[in-house]
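Have the model open as you read.

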Amino acid sequence: MAKFALYAHLKAKPEKRAEVESFLNSALPLAQQESQTITWYAFAEDDGSFGIFDTFETEAGRQAHLEGPIAKALMSKASDLLAEPPRIHKITLLADKH
């Protein structure tokens, strides 16, 4: 079972929603290359916000993701695409259902 997770909440600038969605779609191949990332989800919320949720077996895997290419690309584009800085939450998973 994955024990560690991240949830990143992204509030797009209204005129940049399509670009945020495109960015998230383009990040999937990068996530697929991360051997320590168990699951990776990018999603749209109903208020113009977006999110990323991913899981890891170890804290080292989570940290590697935070230092990896998706995070770097997101942070380099954040001020252009987002209405506020990304809110990144470190989560410890207590239970899961498959």
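K90 and E59 meet through their side chains in a salt bridge, 3.8 Å from N to O; a salt bridge here is a side-chain nitrogen of Lys or Arg within 4 Å of a carboxyl oxygen of Asp or Glu. This pair links distant parts of the chain, with K90 in strand 4 (residues 87-92) and E59 in helix 2 (residues 59-66), 31 residues apart. Helices (H or I, at least four residues) and strands (E, at least two) are DSSP runs, numbered from the N terminus.

The model is predicted: local features need pLDDT of at least 70 and side-chain atom pairs count only at pLDDT 80 or more, while totals for chains, interfaces and linings use all residues. Residues are numbered from 1 along each chain as its sequence is written, and side-chain values use heavy atoms, leaving out hydrogens and water.

The structure holds five salt bridges, including these:

| Pair | Closest N and O atoms |
|---|---|
| K16 and D80 | 3.4 Å |
| E19 and K16 | 3.5 Å |

Which residues are linked in a network of salt bridges? They are K16, E19 and D80. K16 is buried, at 16% relative accessible area, whereas E19 is partly exposed at 41% and D80 is partly exposed at 39%. Buried means under 20% relative accessible area, exposed over 50%, and partly exposed in between (1.4 Å probe, protein chains only).

Zooming out, the protein has three helices and four strands, in the order β-α-β-β-α-α-β along the sequence. Of its 98 residues, 36% are buried.
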